[in-house]
Amino acid sequence: MSQDEDQPAHYYLAGGGIASLAAAVFLIRDAGVSGEQVTIFEKEDRFGGSLDGAGDAETGYLVRGGRMFEPNFVCTFDLLNSIPSGLPGGLSAKEDIFAFNCAVPGSSRCRLIRDGAKADTRLGLRLRDMRDLARLTQADEKKLDGKAIDECFDPAFFQSNFWIMWSTMFAFQTWHSAIELARYLKRFIHLFPGFTRMEGVLRTRFNQYDSLIAPIVDWLTERGVKFETEATVIDATVSETGGTSCISALLLERAGQSEIIQVSEKDRVFFTLGSMTANSVQGSNTAPPPAPETDSAWTLWKNLAAKSSIFGRPDVFCPDVARTRWESFTVTLKNRAFVEYMERFSGNRTGTGGLVSIADSGWMLCFVMFHQPHFRQQADGTYVFWGYGLLGDRDGDYVKKPMAACTGDEILEELAGQLRLGDQAEAMFRDAIVRSCMMPLITSQFMPRRAGDRPEVVPEGARNFACLGQYCEQKHDVVFTVEYSVRSAMTAVHRQAGGKAPPAVKRTDRNPLVIANALRTILAG
């Protein structure tokens, strides 16, 4: 036996987002792999990818965004059931989510604002719209290949309350993929009866880094997983023989230096492809976000795709950042005045209302009043809320320029105008810290695509590697969710290391009672 054959297998994970972290957990928990055999490479200096949360009271807190949760995320809750929350009481991360939502139930009394006041949330769908929605959900995906949403509806549909609430809740644009919209409609049909009140949507107790990522990293660290920060896998050697493919080496970039890691056939490599928060840039109270720079977050996928068609076509998802970007902002308040105002205005106790969309805003401005504290170590006397502009390339109504050109103070000025705060705004936002964040690729996974544009989790003939994350193909499930990333991880580990198979996507669109309730909601609206 050679010395190499006598060595234990190595498990290399490229990217430190939730997909890689979940794969590491499944390798250890389900496939019997020792933590010391697992190495995760991450370009940044911390892990979690798009599920982030950072900052303090002096510099301001920051969350670039937050993914939606709901009870049918079966793979995610399978993962989180094994992870201690780290909170008193010994609950798992899964148990804490359900305990929090039981203690602080959500039901929005102010989902839409128009003319500075709470607005009617009736769906406003015409018979033609209902017919078009039905046609979309019943269409074979092959017939929707490459189609955009605006090819499936007439212009009036996009003025309906239904579209405004749906698009702002999930960040859909009219030019996005019709396939993705159809999947969302079917995947979340059981949420229709409570849709206008955001009922059925689960929230984490804190931001998703503190509630999900930090506990997972702690669990993996305790088991000896190697975390390599500021280290990026930018390429791999793919050896093809007789219809099969094998990774034989990884090209790693660390501190400006290149390294080669040899990979044997018994080793396993898991590639997270692309990143929806790649190239993010931040602004401040006094400066808008600068122009984004390019980085290596997509380099790996592009290099792999250039070698073989089994890796899909990454350029489909990032052809034009004007069609994939939007800007979010996180506000750290130093007094309760705005929090108390919004409680009176909305009728919701802070943290129970969910997303508020300003329907007549030029930017399609939306914001969320979080349950406080939103950070585990949040300073006393500070309050955090978050917002974004779905149509931030348009001019504002009070600040006459695109959101991307605005300082944080100007974003607050626009928000204050939309809410008709008048002279109250100065006191409410005194000493507020605004950290804006432009994400040029945040909805890239929604771009219209065709069969083969996204690679399979385990491409055909792959002997020792798999693909993870938002840009691989998984039937019936929906991108832009934590569940999609975790399902890819569970599938990859099952196929390449012997872990358990992921449970099937819960198809509530096949439940007659669910369908009847959804139809009743649509017809009533």
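Predicted model: local features only at pLDDT ≥ 70, side-chain atom pairs only at ≥ 80, totals over all residues.
Residues are numbered from 1 along each chain as its sequence is written, and side-chain values use heavy atoms, with hydrogens and water left out. Local features require pLDDT of at least 70 and side-chain atom pairs count only at pLDDT 80 or more, whereas totals for chains, interfaces and linings use all residues.

The sheet is open and mixed in its pairing, with 8 strands in the order E6-E5-E14-E15-E16-E13-E17-E12. Strands (E, at least two residues) and helices (H or I, at least four) are DSSP runs numbered from the N terminus, and two strands pair if DSSP finds at least two bridges between them. Strands E6 (117-118) and E12 (281-282) form the edges; each has a single partner strand, so one side of each is left without a neighbour in the sheet. Strand E5 (residues 112-114) pairs with strand E14 (residues 355-358) in the parallel sense over 2 bridges, and Leu112 stands opposite Ser357 in E14. Helix H10 (residues 408-418) packs on the sheet, touching E13, E14, E15, E16 and strand E17 (433-439). The direction of H10 makes about 90 degrees with that of E15, where axes are lines fitted to C-alpha atoms, for helices over the stretch in contact, and angles run from 0 to 180 degrees between N-to-C directions.

Asp129 belongs to helix H4 (residues 127-138). Asp129 counts as buried because its relative accessibility is 0%, buried meaning under 20% relative accessible area (1.4 Å probe, protein chains only). Neighbours within four places in sequence aside, Asp129 is in contact (heavy atoms within 4.5 Å) with Gly124, Phe153, Asp154 and Phe157.

Technical notes: Buried < 20%, exposed > 50% of the residue type's maximum accessible area, 1.4 Å probe, protein only.
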